[in-house]
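Subject: The structure for you to look at

Hi,

Here is the structure I promised to pass on. Please open it alongside this message, and I will go through what turned up.

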Amino acid sequence: MHLTRIEERMLDGEEGEARALAMKVIVKVGEALGAERLVEVSHAHASGISYNNIGEPGLRLLRRLAEAGGRVKTYATVNPIGMDADAWMDMHVPRSFAEKQLEVLEALKAMGFKLTLTCTPYYVRKPRLGEHLAWGESSAVAYANSLLGARSNREGGPLTIMAALTGRTYYAGLHLDENRRPNLSVEAEAPKNSLEASLLGGYLGKTLKEGEIPYVRGIKQGTPEYWLKEMCAAAGALGSLALCLIEGVSPEAGSPPSSEEKLSVDRVELERLKEEIGSSDQPDLYFLGCPHASLSELIMLDRLVKGRVKVEFWVTLSRHEYDQASSKGIVRSLESKGIRVWRDTCPIVAPFKSLGYRVMATNSVKAAFYMPRIHGVRVVLMSVEEMARHAVQGV
Ligand code: F3S
């Protein structure tokens, strides 16, 4: 692999032990993937930092890198953790877990990561068209590639840390023009709400093969951003989709592929998927915020919930969006209706089993996919409008 002089210096340990180790890992992975060089990244986003996911081995690695003098070399943000870093006691997160989680944060902070604690780093800093990133959250990767035209592969958690420490990643996969062209046409019925968009993403993720890049027709211009966010998240969770070119929406959509291959997706397919992954039980928790909710989703939810909820209702989001919603009085209004607004976390990465919920209702196919697998919790899929109505009625 060709390395620049600066990269050679990093590899040789002239910028410290931690950076040398990080560079070694990136070069090895890049070589295995056939990359001829590295590329500078303007933003690394580290995933896999919940103590629930990484446990003691992950914490040890982060501590070791921090103690070896590891410091980020590019703008670097981090994914959610297993609790609201301030309100973990209110969440009933066990102290033993919280202490370990806070140690993870200390190590990341020592290395210079911004503790954004969100899977929506694009709300904190929106990447530009063509920017090279090293992001590790599959929903954010699909969002950045598909909706912003930025370039990131789906990186594993440790690799995002290494990319942050070196400001580099391997130049392969979705960093290259030739791997960003559509090779399959998809005709979709326009989604009517965020749940339908999420189901469409889930269907594409589940159906498309590795390396297939869909050119999707049928999604109306002006479709709300958070519907597309749900679509990207589900596509990345139920499969390996990291780039979806949407006609009239994606900055790089260009023209449809010339190949004859075509996939049609209608509501019948989406209903089938909903039945396959969803349950019809009575929810004891309503949940909005996978991926983390935006200010505009909070405003919408506040408008839709007419009265006090009779069933537990959670919203999860970043501090970035929380602060804006708070300054507009939205957080106070939601809390006055009985809705819990948590920052920094989500049910999927939290130590959720210890909290005692059995059935969760959500509009997120990604959450519906992971909750039964990780926490043994059944999930009812509902639109946000349905959630708002049912939670107030207590059904
Ligand atoms: Fe984010 Fe948790 Fe969903 S990290 S994408 S809210 S699984």
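A residue is called buried here when its relative accessible area is under 20%, and exposed when that area is over 50%. By that rule Asp344 is buried, because its relative accessible area is 0%. Please keep in mind that this is a predicted model.

Asp344 deserves a look for its backbone too: its phi is positive, about 75 degrees, although the residue is not a glycine. You will find Asp344 in the loop between strand S12 (339–343) and strand S13 (359–362).

His92 also has a positive phi without being a glycine, with a value near 65 degrees. The loop that holds His92 runs between strand S3 (75–78) and helix H4 (95–110). Is His92 buried or exposed? His92 counts as exposed, because its relative accessibility is 63%.

One more backbone point concerns a proline. The peptide bond from Cys290 to Pro291 is cis, and its omega is near -5 degrees. Pro291 belongs to strand S10 (residues 285–293).

Now for the overall picture. The protein chain contains 15 helices and 14 strands. Its radius of gyration is 21 Å, which agrees with the value near 21 Å for a compact globule of 395 residues. Along the principal axes, the C-alpha atoms fill a box of roughly 65 × 55 × 35 Å. Of the 395 residues, 59% count as buried. If you take the contacts with a separation of 6 or more, residues 24 or more positions apart account for 79% of them.

Inside, the largest nonpolar core has 142 residues. The members that touch the most other members are Leu108, Phe113, Leu204, Met231, Leu301, Phe313 and Ile339. Helix H9 (residues 225–237) gives the most to this core, with eight residues. As for Leu108, its contacts beyond four places in sequence are Ile49, Leu62, Val78, Phe113, Leu115 and Ile161.

Ser47 sits in the loop between strand S2 (43–46) and helix H3 (51–67). Ser47 counts as buried, because its relative accessibility is 8%. Setting aside neighbours within four places in sequence, Ser47 is in contact with Asn79, Gly136, Glu137, Glu155, Gly156, Gly157 and Thr160. Ser47 and Cys119 are 72 residues apart in sequence, while their C-alpha atoms are 8.1 Å apart in space.

The other one is Glu252, in the loop between strand S8 (245–246) and strand S9 (262–265). Glu252 counts as partly exposed, because its relative accessibility is 23%. Beyond four places in sequence, Glu252 touches Leu129, Asn145, Gly149, Arg151, Arg180 and Leu245. How far apart in space are Glu252 and Gly278, C-alpha to C-alpha? The distance is 34 Å, and the two are 26 residues apart in sequence.

Note on methods
Residues numbered from 1 in each chain as written. Predicted model: local features only at pLDDT ≥ 70, side-chain atom pairs only at ≥ 80, totals over all residues. Heavy atoms only, no water. Helix = DSSP H or I, 4+ residues; strand = E, 2+ residues; numbered from the N terminus. Rg over C-alpha atoms; globule rule 2.2 N^0.38 Å. Buried < 20%, exposed > 50% of the residue type's maximum accessible area, 1.4 Å probe, protein only. Contact = heavy atoms within 4.5 Å. Core = buried A, V, L, I, M, F, W, Y, C linked by side-chain atoms within 4.5 Å.
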